[in-house]
Amino acid sequence: MGHQQQDVYFVPSKSYWPIVAAVSMFVTVFGAAHWLNAQPGQGGFGKPLFWVGIAMILGMFFGWFRSVINESLAGNYNGQVDRSFRMGMMWFIFSEVMFFGAFFGALFYARLFAVPWLGGEGHGVLTHQFIWQGYEAAWGASGGGGPEKIGGSFQTIPAWGLPLLNTLILLSSGVTITIAHHALKAGNRKTLLIGLGATVLLGCLFLWFQAHEYAEAYEHFNLTLGSGVYGATFFMLTGFHGMHVTLGTIMLAIIWVRCAKGHFSKDDHFGFEAVAWYWHFVDVVWLALFLFVYVL
C-alpha cells in the first residue's frame, strides 16, 4: 500500500481517434496515388481527395492532441505513465530510423550495384547487351544516355545553393530548440518562448525554401518524378523528409502554445522533450540527405 501510487497506471477510455487516423491516412494516400498517376490533361478526383485527406489528418491531430492534453492537465499521468511515454517515443523514432534506412538502402543499392551492373560490371552480367546504344553507367544527370523522350534530359540541383542554406537553417533550429529546452528546465519563460518560436519559424523557412527548390527542379532543371531512378529517389527521400519537417513544425507550434499557457514545468515537460527528440532526428536525417543526395 505504501507504493500504490507508483503502481497505479492510467488506462484511458476507449477512443475513436486511432480509426479516424487510419481512415484519414488512407484517404490521403489513395488521393495522392490517383493524383500522381493521372493522365496529363485529366483532372480526376485524386487531387481534391488528397486535400480532403490532409484536412482530415489535421482535424485528427487537433482532436487527438486535445484529448491527450486534457488527460495530462487532469493529473492522470504519473511516473510510470511518463516512462511508458518515453519508451514509446524511443521505439517510434527507431521505427522512423528503419523507415528512412529502407529509402537510403534503395539509394545505395541503385548507385553502387544496379547502375554498375547495367553497365556490364560483375561476373557473368550480360544486362549491358540489352541496354540501348550509348547507355552510360553513371549516376545523376550524366547517367543513362537513353532516349530523351523517356523522361527527358535533366539537371541535378547544386548542393551549395538552397540545399546548403536549408542545412544551415535546420542546424540553427537544432540550436534554438536546445536553448528553449534549457530555458524550460531553468524556469526562464521568456527565453523558452523566444527559442521555441524561433524554431517554428526556422522550420517554416525550411519548408518555404524546399517548395521553391521543387518548383525550380520542375521548371528549370526538368528534374521530375519521371527522371528515372535518380528523380524517383530524390523526391522520395526529400519529400518524405519534408513531410516529417511539416509534422514536426506543427507539433512545435502546438508545444509553443502549451508553453505560453504554462502547461509545462521544469520537472514535468515530456511533451516538449518528445517533440525535441523528433526534431533532432529530423535534423540528423537531413544531414545524411544533404551528403548522399546532394553532395556525393
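Helices H7 and H8 are roughly antiparallel to each other, a label for angles over 145 degrees. The model is predicted; local features need pLDDT of at least 70, side-chain atom pairs pLDDT 80 or more, while totals for chains, interfaces and linings use all residues. Numbering starts from 1 along each chain, and side-chain values use heavy atoms, without hydrogens or water.

The table sets out two helix pairs. Axes are lines fitted to C-alpha atoms over the stretch in contact, with angles from 0 to 180 degrees between N-to-C directions. Helices are DSSP runs of H or I, at least four residues, numbered from the N terminus.

| Pair | Angle | Axis distance |
|---|---|---|
| H7 (residues 228-260) and H8 (residues 270-295) | about 155° | 10 Å apart |
| H6 (residues 189-219) and H8 | roughly 35° | within 13 Å |

H7 passes H8 in a left-handed crossing: the near helix is turned anticlockwise from the far one by less than a right angle. Their contact holds 19 nonpolar, six polar and no charged residues. Asp, Glu, Lys and Arg count as charged; Ala, Val, Leu, Ile, Met, Phe, Trp, Tyr, Cys and Pro as nonpolar; the others, Gly among them, as polar.

H6 also passes H8 in a left-handed crossing. Contact means heavy atoms within 4.5 Å. On H6 the contact residues include Leu 192, Gly 203 and Glu 213; on H8 they include Phe 272, Trp 279 and Tyr 294. By class, the H6 contact with H8 has seven nonpolar, three polar and one charged residues.

An unreviewed UniProt entry annotates "transmembrane region" at spans including 16-36 and 157-180; such annotations may be inferred rather than shown by experiment. Residues 16-36 are 95% helix and 0% strand, with end C-alpha atoms 31 Å apart. Residues 157-180 are 79% helix and 0% strand, with end C-alpha atoms 34 Å apart.

Definitions and conventions: Helix = DSSP H or I, 4+ residues; strand = E, 2+ residues; numbered from the N terminus. Parallel < 35°, antiparallel > 145°, perpendicular 65-115°, else oblique.
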